Structure formats: C-alpha cells, structure tokens
Amino acid sequence: MITLGIESTAHTFGIGICDKRSILSNVTDSYSGEGIHPRLAADHHARVSSNVVKKALEDAGLSIDDIELISFSQGPGLGPCLRIGATTARALALSRDLPIMGVNHCIAHIEVGRFLLGVRDPVTLYVSGGNTQILAFAGGRYRVFGETLDIGIGNMQDTFARAIGLEFPCGRQIDQLMSRGTKYLDIPYTIKGMDFSFTGMLTEAIKHIHGNSKEDVTFSLMETAFSIVVEATERAMAHTQKDELLLAGGNAASPRLREMCRLMCDERGASMHVPPFDVCRDNGAMIAVLGMTEYDSGKRMEMGETKVRQKWRTDEEDVKWR
Ligand code: FE2
C-alpha cells in the first residue's frame with residue numbers, strides 16, 4: 001500500500017512516501033525563526049505545503065494517482081501547526097477519495113525504527129525540542145517510563161544557545177562547544193524518580209556564562225542533561241528487561257549522547273539503534289510508515305475523527321498492530 005505521510009507538529013513540515021518494503025521519498029521544509037512562534041510556523045507550513053507534496057511525489061517517481069492512503073500527524077504538537085497538516089491530509093483524501101489515518105507523532109518515531117532497522121521491542125529514548133521521553137511497549141500500549149516535567153532537551157539547548165549568541169539551528173555548534181569543554185561547572189542534577197526537568201539547570205548554566213568559557217558551560221549543561229536521561233533509560237531497560245535501545249528525535253544526532261547510550265548498552269549487553277538523521281528528526285516518512293502499519297492492522301478512521309489532538313499521549317493509544 002503506497003502511503004503519503006504528513007508531518008506538521010512543530011518547526012517542520014514534511015511529506016514522506018512509503019510502501020510495504022521501503023521509504024520512497026522524504027522531503028522536509030522547516031520554519032527557522034528565533035524560537036518557535038506557533039502561528040508563524042503554521043504560516044510557513046501553509047506556504048510550503050504544496051511544493052513539499054510535489055517534491056516528495058517527484059522524488060518517489062510517482063503521481064498523486066499512485067497514492068493509496070493519506071496519513072498525518074494528529075498530535076501531540078502545536079495546534080496551529082497540526083491543523084495545517086490535518087487540513088492538507090483532508091484535502092488530499094477527499095479530492096482523491098482516499099482513506100485517511102491520523103497517527104501519534106511520538107509512536108511514529110518508534111515504529112519507523114522498527115520498520116527500517118528491524119528493531120523488535122526497544123526501549124526508546126526520544127529526545128527533541130518539545131519532547132524528552134522514555135517509551136516502551138508494555139500491556140498493549142506504548143507506556144511513558146520517564147519524561148521531562150517541563151521542557152525538552154532540544155528547547156533547553158536552543159534557549160541556552162541564544163543566550164550565548166548562537167543562531168538557530170544550533171545543534172552542531174553546541175556539539176562542538178561541548179566537545180571542547182574541559183572544566184565541569186556545578187549544574188543541578190534534576191531527576192525525580194524516572195522523571196526529570198531542565199529549566200533549573202538552564203537557569204544555572206546561564207548564570208555561569210559570565211566568568212566561564214562557552215565551551216565549559218556548554219559541556220557542563222549538556223553532559224548533565226544527557227547523563228540524567230541515560231540514567232533513567234538504563235533503569236527503564238533494567239525494569240522491563242528489554243535488550244534493545246532505540247534513539248529517536250533530532251537530538252539523537254548528538255555524538256556525546258550516542259556515546260553515553262552506547263557505553264550504557266555495552267555494559268548491559270544490549271544493542272543500540274539510531275535511524276539515519278532524516279528519519280530520526282521530525283519527518284513525513286515516519287508518519288507514512290505508522291499510518292500504513294495501522295491501516296494494515298485493520299484500523300480505519302472517519303473524516304469526523306480527524307480533529308487534531310494537541311496533548312495526545314502515547315499511552316492513550318491501544319496498539320493493535322503488535
Ligand atoms: Fe518528534
């Protein structure tokens with residue numbers, strides 16, 4: 001079944017196309033203003049949507065007549081952004097008389113890893129701007145074993161980057177600064193049970209900017225944040241007795257986060273898996289893969305059920321395809 005997937009939860013408007021065997025195309029166009037203004041990001045998505053659809057069809061060597069299912073990110077995410085994706089999905093489905101499937105964005109990050117990398121039953125560490133969560137399948141649902149109580153690591157990183165004068169997107173520059181830091185400054189290690197928070201350590205890091213090198217402050221902040229999530233991930237793996245780790249989200253590109261995860265997995269005799277960056281970050285291909293997977297499991301969605309769900313949690317969804 002050739003499926004077109006639409007991603008629009010936050011910065012990125014993405015269209016991906018897949019069939020049962022592979023991803024055929026995956027095109028993204030991201031809003032790049034300072035921080036994220038939901039309405040301006042939504043305006044961006046509306047402006048680029050038809051070109052991104054066109055490019056994804058071209059890259060796949062297909063026409064719209066070849067598409068058999070439309071899938072879209074129904075939540076969680078920013079309302080104005082989600083609504084552009086949902087409207088695009090409804091317009092395509094209605095005009096071509098195609099079935100439509102709204103899917104959970106966080107679950108899509110997991111399922112694309114299972115689809116591409118053959119991972120069976122991982123604990124997933126999902127680290128991005130808006131989300132930082134530890135997810136694993138248990139009792140018929142993807143349960144949240146640990147999560148941020150305030151902002152995602154990506155948002156923490158972006159705010160810190162602005163404070164030291166870097167421009168968005170800043171991921172690579174932060175990775176470089178971090179790798180050159182040598183002195184560890186005192187940063188609060190804010191983990192409570194399996195949950196964690198990042199605003200306190202961000203405030204502390206910003207206080208350290210005066211009187212210390214950017215490298216040392218960046219190193220101290222990021223090393224602390226990554227240590228916290230890797231510690232909680234290890235506990236989730238021990239508790240669930242799962243022996244695969246899947247890294248997902250834009251921050252999975254960080255070499256130091258990968259290194260920490262690899263060390264932890266090696267010590268446990270577990271395997272670690274990271275999808276290529278263009279399917280690790282927010283993208284349409286993962287939405288196509290999950291829509292196709294759910295449709296194949298027998299799930300169907302009426303047009304009246306396609307309203308966006310800004311606060312949709314992974315553990316609210318019965319997983320029928322596993
Ligand atoms: Fe995401």
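This report covers salt bridges in a predicted model.

## Overall count

Side chains of opposite charge can pair when their charged atoms come close. Searching the whole structure turns up 22 salt bridges.

## D19 and R21

D19 pairs with R21 in a salt bridge. Their closest N and O atoms are 3.5 Å apart. The two partners differ in accessibility. D19 has a relative accessible area of 12%, so it is buried, since the cut-off is under 20%. R21 is exposed, at 70% relative accessibility.

## E215 and R180

A salt bridge joins the side chains of E215 and R180, with an N to O distance of 3.9 Å. E215 sits in helix α7, residues 214-240. R180 belongs to helix α5, residues 171-180. The pair therefore ties together parts that are 35 residues apart in sequence.

E215 is partly exposed, with 23% relative accessible area. R180 also counts as partly exposed, at 48%.

## E259 and R256

Within helix α8, residues 255-268, E259 and R256 are three residues apart. About one helical turn therefore separates them. Their side chains form a salt bridge at 2.8 Å, N to O.

E259 has a relative accessible area of 43% and is partly exposed. R256 is partly exposed as well, at 25% relative accessibility.

R120, D243 and E244 belong to one network. Salt bridges with shared partners join these residues.

Definitions and conventions
Residues numbered from 1 in each chain as written. Predicted model: local features only at pLDDT ≥ 70, side-chain atom pairs only at ≥ 80, totals over all residues. Heavy atoms only, no water. Salt bridge = Lys/Arg side-chain N within 4 Å of Asp/Glu carboxyl O. Buried < 20%, exposed > 50% of the residue type's maximum accessible area, 1.4 Å probe, protein only. Helix = DSSP H or I, 4+ residues; strand = E, 2+ residues; numbered from the N terminus.
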